[in-house]
Amino acid sequence: MSTLVETPPRIVVESVSKWFNKRSARSMKDAFINVIRRRPVRSQQFQALSGISFSIGEGESVAVMGLNGSGKSTTLKLVSGVLEPDEGRVLTRGRVAGLIEVGAGFHPDLTGRENVFLNAAILGMSEKETKARFDEIVAFSEIGDFIDQEVKHYSSGMFMRLAFSVAIHVELDVLLVDEVLSVGDAPFRAKCNEKLKELGQRGVTMMVVSHSVGQVKQLCTRGIVIRKGKIVFDGPIDDAVAALQAV
Amino acid sequence: MADGAPGTRDPVAARTYVTQIDYSAFDTPGRGRGILDVVRYRYLLRLLIGKSTSLRYRNSVLGWFWSYVRPTVQFLVYYLVVGQILGMHDGVPLFPVYLFSGIVLINLFNEAFGAGTRSIVENRALVRKIYLPRELFPIAAVIGSFVHFLPQLAVLIIVSVLLGWMPSFASIGLILAGIAIVLAFILGISLFFSAVNVRFRDASNVVEIIRTIATWSSPVLYTWAMVEQVTRSVPWVFHLYMSNPITVAVELFHKAFWATLPQVQAEVLADDATKKAGLASVAWPEHFVWYLSAALGIILFSLVVGQFVFRRFERTFAQDL
């Protein structure tokens, strides 16, 4: 592991905590009624993550595992910058892009082609890069002639294939994957896993949130298990899967 | 996994490892440089603007034609009521041009302000899932509205040319300055209201009220000379009125288009010769430089406050949407 010490990590998460508000009043009227009924008026805090620390080295692929509501997706959103930590800090190095719910930037009234360009730009690609990779993106998605149709006429499988294909072809250093691979039929899923593995071999750092043990074992070498906002295990993937199932 | 490399289970070892690295190569995700980031993201900004303009009239048969129909109908209504019924037509030479050259700017303001305020909430799918400099959304909305102002500007120019308007460097400079003033002001207040709107949807109601007032708080349907007469005993009210950036921009437009038309100049000069107190004046209001400076100050203030508030609220956008 001497290479890891020489090159600085791609992701550093230092004693990060995150709280969410549980609002009990949504308007002044609600607040007034709560006062009369002697119910709490102020919003209550709910701790989603408490003091999480880890760092991910260059080229590592790490699975973040845990039950629903354990804070996996929150961790991923903190790394992508969508959320900000309340305590501690998150640092990243290089270009980070997320497959966090692929297709978030797709607009149903735009054609497939327009959506490819728009989403590639949203994920940080330049016009030149997108043009150079456009044919590759379309070929990977297996959309064919439908690329010039409006996306609202696509089947849900076609939609997800195109969205995933755009995200996977973005030039990046760190890839964040959140539960996306549950889409598409078995052959396409296999193709996606192949592509992700290929990215990993090229030195792309990966952080994967998934419930699929098989997929995680295929893609990742290290696993972080989160339970109720705390890291309960961090180590080799097989032990992590065992730790998750022991919980 | 030894020697404190990441991946060890020992938190102490992991922490010592962390403190060894050089932080200068790292970015903090989710922290942009505000409006300045737009320069770096100009390609995406262009696509976002293109998306909103191309989607605006999709699935509509008449399409861009509506961009001409709505202002025309609005213009006719104001012209009939204010011009004919309330008699502005008699007091102001070529009142239709006077009206139109002001109303296009008010339309730009109302349209862009509304779109800018809604921009963050409307793009919630993106804001919640992918980090982008969020300032892009209000800026794209304001520029998108500006694109729809261009047909109206074209109509204004054509009508003015038919009435003998000759473009000069001065008048083009005034037009550009007027547009720049309105856009910069809208950007500032849109940043503010779009951010506040995420947590307090009350903001959109406040914006509706401001848009209703906007049409009447600038000399569009009447002239500033009328306001000056009414406020003669309380001059500060008039100073305040004239310092409104929209009023300043409207006056720049009046000066650029209406006031240079030959027919207007002739009629106002004739009025001056007969000492008839006209409702309209082709001259600048007194102290106009001060009003302009005040307006620029207000714009700068709105940009600074807008950006500051936007950044404060931005931290919780993804949670509050």
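Reply: Start with the term: helices (H or I, at least four residues) and strands (E, at least two) are DSSP runs, numbered from the N terminus. Chain B has 16 helices and zero strands. This is a predicted model, in which local features need pLDDT of at least 70 and side-chain atom pairs count only at pLDDT 80 or more, while totals for chains, interfaces and linings use all residues. Residues are numbered from 1 along each chain as its sequence is written, and chains are lettered from A and ligands numbered from 1 in the order in which they are written.

Me: How do I read the packing of helix α4 and helix α8 of chain B?

Reply: Two packed helices are described by the angle between their axes and the distance between the axes. Axes are lines fitted to C-alpha atoms, for helices over the stretch in contact, and angles run from 0 to 180 degrees between N-to-C directions. Helix α4 (residues 65–85) and helix α8 (residues 136–162) of chain B pack at about 60 degrees, with axes 9 Å apart. Angles under 35 degrees count as roughly parallel, over 145 as roughly antiparallel, 65 to 115 as roughly perpendicular and the rest as oblique; α4(B) and α8(B) are therefore oblique to each other.

Me: Which residues make the contact?

Reply: Two residues are in contact if their C-beta atoms, placed from the backbone, lie within 7 Å. B:S67, B:Y68 and B:P71 of α4(B) meet B:H148, B:P151, B:Q152 and B:V155 of α8(B).
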